[in-house]
Amino acid sequence: AILSTLAHDLRERRLRAAAPLAPPPCGGMAAPPVDAEAQSRSAEGGAPMFYTKKVAVNTQALNGMRGLAVLHIVINHAFPLSNTSAFFFPEGFPVYGPDVAPQLCRVGGLDLMGSGSLGFFFIISGYVLVIGYAQRTLRPGATLQESMHGAPEGSPCEDGEGASGLPVLNAMAFLQGRFARLAPMYYLTSVLAVLVPAPVTAYQVTPIRTVLMLTGTSTWFFGDPFLVTLWTVQVMFFFYLCFPALAPRIQRVPPRQLRSLAMGMYVFQVVTYVGGYFLFDGLGVAMPWMRIRNFPPMRLPVFVMGMCCAMQRLHALHARSEGRPSPADSWVRPGRFCCGLLHPATGLAIVWVAVMLAFSLAYYMCHQMRTPARFTLEVALPILYYEWVYAATDPDQAASPVVRFFQSRPMTWIGEVSMCTYMTHFLLVAWWTRLVGLLPFWAPLALPLVSLLVGWFVTHFVEIPLGGLLRP
């Protein structure tokens with residue numbers, strides 16, 4: 001066997017030596033090996049994998065997951081501005097603790113910890129962008145012109161010497177498409193927040209703040225947009241600017257190292273998040289955890305985790321279609337939950353519900369737990385979302401009741417209108433409080449329904465028509 005292997009290697013070396021010299025690749029990126037045997041050897045040896053063809057990826061469950069996240073956030077935003085707790089405690093909140101007022105623990109606060117689902121959006125976003133734009137192996141642009149406007153497969157180098165079989169992503173077309181997706185609703189809701197102010201959206205309009213809002217960079221300078229919930233849109237805009245440079249580099253991570261990279265990004269965001277909090281707190285910055293969580297570079301590692309998750313899934317699907325072992329797998333593969341009785345997608349759903357209920361109960365028992373609980377969930381949950389998204393897109397877990405729930409028509413419909421629902425729901429809360437003050441106890445039930453209807457309307461009559469005019 002050893003002699004046979006040595007003879008095979010010798011033959012390959014002779015063939016490579018006898019082959020005509022290929023033109024040098026642009027940017028130092030050679031054309032990828034495409035035959036199954038070479039791919040299999042690359043996978044076994046821990047080398048990067050390259051693909052020239054796309055593979056079918058069922059992302060329908062991700063729409064339902066996006067719908068769950070937006071419902072979680074919308075319902076949660078209604079609780080602090082409603083008298084739901086007073087409905088259950090008409091004689092006032094029970095308190096306990098020392099006589100010093102700041103140390104008192106008030107019982108009865110209701111908060112579903114919706115901020116814990118924000119990382120869900122970032123993971124899903126990184127995942128779907130890779131599936132949509134980076135299935136085929138890309139290369140970084142060799143020049144600024146290539147980086148900005150892309151290059152097709154097999155195009156000559158800008159300097160006229162050599163060629164590459166690898167395309168370059170057209171960054172301008174990509175960013176224009178992303179701008180068309182976000183801009184109509186971002187600017188509309190920002191203008192409405194200024195024209196019809198309410199106590200929870202009444203921010204001072206200054207020339208500097210206006211410029212930052214128009215350029216989508218308020219949070220880049222530790223500020224707030226005119227509608228506070230739009231900080232997530234500005235963070236996503238930063239991710240989009242980074243994606244064309246990140247995609248070809250993430251593609252070159254060997255499959256067996258993708259999850260390690262994702263774990264590294266997870267640990268990095270934990271360290272920077274916690275370190276940034278204590279730094280800002282020491283400097284006397286108001287609401288330090290919000291300044292840190294809204295700062296785009298602090299959230300970029302979570303977006304990169306989503307990209308790694310997508311590449312891991314692509315490697316597994318390509319291996320499946322080619323009849324070879326998967327070069328990379330997740331810890332939560334089938335058989336590891338409840339002695340194999342639960343699909344990982346189902347088991348992770350149970351873990352997510354249990355964690356949210358535990359932290360909601362902690363806040364219910366003491367209102368001072370709200371900020372620590374939200375901070376902890378935002379830092380800790382991205383790794384759960386990474387594994388959950390990977391499990392939900394696994395063809396072997398299509399029979400999971402949780403996956404079927406996410407793929408159901410009601411949940412995918414909510415996912416389809418989730419962006420506009422998210423952007424408009426806080427305006428509805430603000431205007432409602434302006435009219436009646438404290439919201440009625442049933443507001444957390446009514447707001448999601450009204451928000452979804454408004455979200456559906458503006459999706460079909462504002463976002464889609466205007467976005468179509470802006471797309472390349």
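# Briefing on a predicted helical chain

Leaving aside neighbours within four places in sequence, Gly223 is in contact with Ser218 and Arg291. This residue belongs to a model that is predicted, and the chain in question holds 19 helices and 2 strands. Of its 472 residues, 49% are buried, and among contacts between residues at least 6 apart in sequence, 77% join residues at least 24 apart.

**The loop between α8 and α9**

- Gly223 lies in the loop between α8 and α9, and its relative accessibility of 22% means that Gly223 counts as partly exposed.
- Between Gly223 and Arg209 there are 8.3 Å in space, taken from C-alpha to C-alpha, although the two residues are 14 apart in sequence.
- Thr217 also has its place in the loop between α8, which spans 207-215, and α9, but Thr217 counts as buried because its relative accessibility is 10%, under the 20% limit that is used for buried residues.
- When residues up to four places away in sequence are not counted, Thr217 touches Leu212 and Gln234.

**Helices α5 and α9**

- The axes of α5 and α9 come within 12 Å of each other and cross at roughly 30°, which makes α5 roughly parallel to α9, since angles under 35 degrees are placed in that class.
- The crossing of α5 and α9 is right-handed.
- On the side of α5 the contact is made by Leu118, Phe122, Ser125, Leu129, Val130 and Tyr133, while α9 contributes Trp231, Thr232, Val235, Met236, Phe239, Tyr240 and Phe243.
- By class, the residues in the contact of α5 with α9 divide into 11 nonpolar and 2 polar, with no charged residues.

- Helix α14 runs over residues 370-380, and within it Ala373, Arg374, Phe375, Leu377, Glu378 and Val379 are buried.
- What covers these buried residues of α14 includes α5 (118-133), α10 (255-282), α11 (288-293), α12 (296-321), α13 (344-365) and α15 (382-392).
- One of these helices, α13, packs with α14 at an angle of about 160°, and the axes of the two are 9 Å apart, so α13 is roughly antiparallel to α14.
- The crossing of α13 and α14 is right-handed.
- In this pairing, Val355, Met356, Phe359 and Tyr363 of α13 meet Arg370, Ala373, Thr376 and Leu377 of α14, and by class the contact has 6 nonpolar, 1 polar and 1 charged residues.

**Helices α7 and α18**

- Helix α7 (residues 171-195) and helix α18 (residues 418-436) have axes that come within 10 Å and cross at roughly 5°, and the two are therefore roughly parallel to each other.
- From α7, the residues Arg181, Leu182, Met185, Tyr186, Thr189, Leu192 and Ala193 meet Met419, Cys420, Met423, Thr424, Leu427 and Trp431 in α18.
- The residues of the contact of α7 with α18 divide into 10 nonpolar, 2 polar and 1 charged.

**Aromatic ring pairs**

- The count of aromatic pairs in the model comes to 24.
- One of them joins Phe120 and Trp388, whose ring centres are 5.4 Å apart and whose planes stand at 20°, so the pair is stacked.
- That pair links distant parts of the chain, with Phe120 in helix α5 and Trp388 in helix α15, 268 residues apart, and both Phe120 and Trp388 are buried.
- The rings of Phe122 and Trp231 have their centres 6.5 Å apart and their planes at 75°, so this pair is edge-to-face.
- Phe122 in helix α5 and Trp231 in helix α9 (residues 231-251) are 109 residues apart, and their pair, too, links distant parts of the chain.
- Phe122 counts as buried at 1% relative accessibility, and Trp231 is buried with a relative accessible area of 3%.
- Ring pairs also link Phe120, Trp352, Tyr385, Trp388, Phe405 and Phe406 into a cluster.

How values were computed
Residues numbered from 1 in each chain as written. Predicted model: local features only at pLDDT ≥ 70, side-chain atom pairs only at ≥ 80, totals over all residues. Heavy atoms only, no water. Buried < 20%, exposed > 50% of the residue type's maximum accessible area, 1.4 Å probe, protein only. Helix = DSSP H or I, 4+ residues; strand = E, 2+ residues; numbered from the N terminus. Contact = heavy atoms within 4.5 Å. Axes fitted to C-alpha atoms, helices over the stretch in contact; angles between N-to-C directions. Parallel < 35°, antiparallel > 145°, perpendicular 65-115°, else oblique. Left-handed = near helix turned anticlockwise from the far one by under 90°. Nonpolar A, V, L, I, M, F, W, Y, C, P; charged D, E, K, R; others polar. Phe/Tyr/Trp six-rings, centres within 6.5 Å; stacked < 30°, edge-to-face > 60°.
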